[in-house]
Amino acid sequence: MKSLPFMDSINQLENATWLDPAAKSIRKVVKNVIRQRDLRDLLHGVPFGHPLHPVMVQIPIGAWTSASILDLVSGTQKASAVLIGTGITAVLPAVASGLVDWSKSEPGPQRTGLVHAGVNVVATSLYAISLIQRCTGREKAGKIFSLAGMAAVSTGGFIGGHLAYRQGASISRVIDIPNNVPSGWHQVATLDSLEEGKLTGGTIGETPLVLFRRYGTVRALAATCSHLGGPLNEGKLIDDGDPCVECPWHQSVFSLRTGEVIHGPATAPQPHFETRIVEGQVEARLRPAHS
Ligand code: FES
């Protein structure tokens with residue numbers, strides 16, 4: 001089946017470099033306004049293991065869609081107005097979670113994301129006007145602005161889907177690792193080649209690892225950051241008792257012991273490996289998820 005003509009315009013958004021100055025300014029505002037790291041982690045969705053934004057948009061979209069359906073039924077004006085107001089109120093957490101994710105995305109998805117956000121600002125404004133119209137007794141105008149808002153929010157959702165599924169903006173970059181690493185033990189380094197208390201790189205086949213040796217124990221994680229694929233073997237060691245690695249690209253922090261995300265923007269844990277020393281050789285095998 002041929003794709004629809006407007007898909008060309010959607011595909012080209014990621015190359016719209018003229019959006020870059022605006023993106024730079026907005027990134028700066030996001031960084032200055034949402035400073036607290038625990039809050040950023042929560043908005044990224046670190047405690048939930050996947051991004052929070054897709055969950056938070058359910059409330060405004062659901063409320064506004066319900067209002068449009070009620071608009072077809074007589075005697076439901078008040079209920080429609082309440083739903084529109086609920087949707088507008090719920091926009092704030094949806095925007096905050098989207099913005100923190102967006103501020104840590106790659107340039108192409110960032111351009112598309114800016115258009116996605118802009119269209120949703122238009123949608124929210126149309127719903128706000130609709131609510132004002134309804135509250136001042138102009139019911140018909142309120143319904144028309146709601147319909148325009150629904151068209152805008154649907155367009156925004158479509159671009160958001162493109163961002164997530166075509167551009168993979170929030171897709172974990174480590175989902176293939178369990179398929180790419182053969183089961184069983186694999187030699188990854190000699191023990192002598194690993195400097196005590198330092199991060200070192202290794203590989204199992206094509207899969208890069210980050211290794212950390214301390215007190216005769218070796219920790220091993222996949223070195224491709226689950227956020228956007230940054231090289232953890234070039235990351236920074238953070239060692240305050242439970243050693244962690246910080247990604248050099250957007251500073252996600254992972255436990256070297258368990259692969260758990262300590263700080264986002266990553267939300268998916270790093271695949272981690274069991275290790276053993278056999279005749280001076282370090283061997284590793286992939287730990288099953290959740291062990
Ligand atoms: S690639 Fe973004 S934090 Fe690692």
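R257 comes out as partly exposed, at 42% relative accessibility. For these labels, buried means under 20% relative accessible area, exposed means over 50%, and partly exposed is in between (1.4 Å probe, protein chains only). Before going on, note that this is a predicted model: local features need pLDDT of at least 70, side-chain atom pairs count only at pLDDT 80 or more, and totals for chains, interfaces and linings use all residues. Residues are numbered from 1 along each chain as its sequence is written, and side-chain values use heavy atoms, with hydrogens and water left out.

So what does R257 hold on to? R257 forms a salt bridge with D242, and their closest N and O atoms are 3.2 Å apart. A salt bridge here is a side-chain nitrogen of Lys or Arg within 4 Å of a carboxyl oxygen of Asp or Glu. This one links distant parts of the chain: R257 sits in the loop between β7 (253–255) and β8 (261–263), while D242 sits in the loop between β5 (236–238) and β6 (244–246), 15 residues apart.

Next, take a look at R285 and E274, whose side chains meet in a salt bridge (3.0 Å, N to O). R285 belongs to strand β10 (residues 281–286) and E274 to strand β9 (residues 272–278), so the pair ties together parts that are 11 residues apart in sequence. R285 is partly exposed at 31%, and E274 is partly exposed at 22%.

Over the whole structure, the search finds 11 salt bridges.

Now for the strands. Six of them make an open sheet with antiparallel pairing, in the order β1-β10-β9-β4-β3-β2. Two strands pair if DSSP finds at least two bridges between them. β1 and β2 stand at the edges with a single partner strand each, so one side of each has no neighbour in the sheet. From one strand to the next, the twist averages 35°. Zoom in on β2 and β3, and you'll find six bridges joining these antiparallel strands; G201, for instance, has V210 in β3 as its bridge partner.

How many disulfides are there? The search finds zero, a disulfide being a pair of cysteine sulfur atoms within 2.5 Å. Take C244: its sulfur is 13 Å from the closest cysteine sulfur, in C225, too far for a bond. C244 is buried at 6%, and C247 is buried at 2%.

Finally, let's visit the helices. α4 (53–56), α5 (58–70), α6 (77–103), α7 (107–135) and α8 (139–166) each supply at least two residues of the lining of the largest pocket. α7 gives the most, with nine residues. The lining has 46 residues, and H53, V57, G98, H116 and L163 lie nearest the pocket's centre.

Note on methods
Helices (H or I, at least four residues) and strands (E, at least two) are DSSP runs, numbered from the N terminus. Axes are lines fitted to C-alpha atoms, for helices over the stretch in contact, and angles run from 0 to 180 degrees between N-to-C directions. On a 1 Å grid over the protein atoms alone, a cavity is a set of points where a 1.4 Å probe fits but cannot get out, and a pocket is an open set with protein on both sides within 12 Å along at least five of seven lines; lining residues have an atom within 4 Å of a point.
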